[in-house]
Structure formats: structure tokens, C-alpha cells
Amino acid sequence: MGLEAVDRYVAQVGGRRLAEGEWGVDADGAEIGLRAHRGLLRAQAWACSAEDADPALLLHRNRSLELVRYAATKAGEVWVVGDVPLTEDPPVDRLLGALVEAVQAV
């Protein structure tokens with residue numbers, strides 16, 4: 001699959017490989033985790049704490065996002081999560097761009 005393409009991309013942007021199929025990238029202040037699993041490449045980053053989020057606003061904003069979405073833990077912390085198919089050349093740059101934009105919007 002596209003693990004080699006993700007490895008190359010992460011190395012080019014100064015990220016690091018954490019384990020087989022897992023990477024970490026720092027982009028515009030967001031610490032992003034990437035993981036390849038079951039044919040998908042997932043990216044996720046912490047966005048804000050429970051007291052800083054308006055759940056209704058985040059649900060409304062989810063409708064306009066592409067590739068990513070807001071999600072909350074049981075404790076109410078807000079994360080941005082996105083998935084793309086793990087093809088030979090996955091759109092890593094587009095996925096990370098959408099993720100960072102959504103984190104910064106919060």
C-alpha cells in the first residue's frame with residue numbers, strides 16, 4: 001500500500017515515524033498523529049478542552065468540513081479526525097491541511 005509514500009511525505013515535512021504505520025507531525029502548532037490501519041490513513045489532533053467548545057457550533061461546522069470532522073471524548077475534549085483511503089499515493093498534504101485548518105478554527 002502507500003506506507004512508503006506516507007514515510008516520504010512525513011520525512012519531507014520534518015515529521016517522525018513512531019512505529020510501523022504510525023507517524024507524528026508538528027504543523028502550525030498542531031501535533032498530528034497519523035496511523036495506517038485497515039486500508040485507511042487516519043490523522044488526528046487535539047483541538048481544545050471541553051470548556052472552550054460549543055458543541056452545537058462544532059456540529060454545525062462539521063457539515064461544511066471536507067475530509068475531517070470534530071469529535072469529542074467522554075470528558076468533552078475536542079479532537080479533529082480525518083480518514084482517507086491508503087492508496088499508492090494518499091492525499092496526505094490535503095488531509096493535514098484540512099486538519100490544521102479545522103484545529104485553528106476552534
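The model is predicted, so local features need pLDDT of at least 70 and side-chain atom pairs count only at pLDDT 80 or more, while totals for chains, interfaces and linings use all residues. Residues are numbered from 1 along each chain as its sequence is written, and side-chain values use heavy atoms, with hydrogens and water left out.

## The overall build

The chain holds 3 helices and 6 strands. Here helices (H or I, at least four residues) and strands (E, at least two) are DSSP runs, numbered from the N terminus. Read from the N terminus, the order of elements is α-β-β-β-β-α-β-β-α. With a radius of gyration of 14 Å, close to the 13 Å that the globule rule gives for 106 residues, the chain is as compact as a globular protein of that length. That radius is taken over C-alpha atoms, and the rule is 2.2 Å times the number of residues to the power 0.38. Along the principal axes, the C-alpha atoms fill a box of roughly 40 × 25 × 20 Å.

## The sheet

Let us turn to the strands. An open sheet of 6 strands is arranged as β1-β2-β3-β4-β6-β5, with antiparallel pairing; two strands pair if DSSP finds at least two bridges between them. At the edges are β1 (16–19) and β5 (68–72), each of which pairs on one side only. On average, neighbouring strands of this sheet are turned by 30° against each other, direction ignored. Such angles run from 0 to 180 degrees between N-to-C directions, with axes fitted as lines to C-alpha atoms, for helices over the stretch in contact.

| β1 and β2 | 3 bridges | Arg16 and Gly24 |

The hairpin of β1 and β2 has 2 residues between its strands, and Gly21 in the turn has a positive phi of about 80°. In the hairpin of β2 and β3, again with 2 residues between the strands, Asp28 takes a positive phi near 50°.

## Helices on the sheet

Helix α1 (residues 3–12) lies across β1, β2 (22–27), β3 and β4, and runs at about 30° to β2. Helix α3 (residues 92–105) packs on the sheet as well, touching β2, β3, β4, β5 and β6 (78–85), with a direction that makes about 20° with that of β4. Contact means heavy atoms within 4.5 Å.

## The core

What share of the 106 residues counts as buried? The share is 38%, where buried means under 20% relative accessible area, exposed over 50% and partly exposed in between (1.4 Å probe, protein chains only). The largest nonpolar core has 32 residues, and among those touching the most other members are Ile32, Leu34, Leu41 and Leu96. Such a core is a set of buried Ala, Val, Leu, Ile, Met, Phe, Trp, Tyr and Cys residues joined through side-chain atoms within 4.5 Å. Helix α3 gives the largest share of this core, 8 residues.

Leu34 shows how these parts meet. Beyond its neighbours within four places in sequence, Leu34 is in contact with residues including Val10, Trp23, Leu41 and Leu96.
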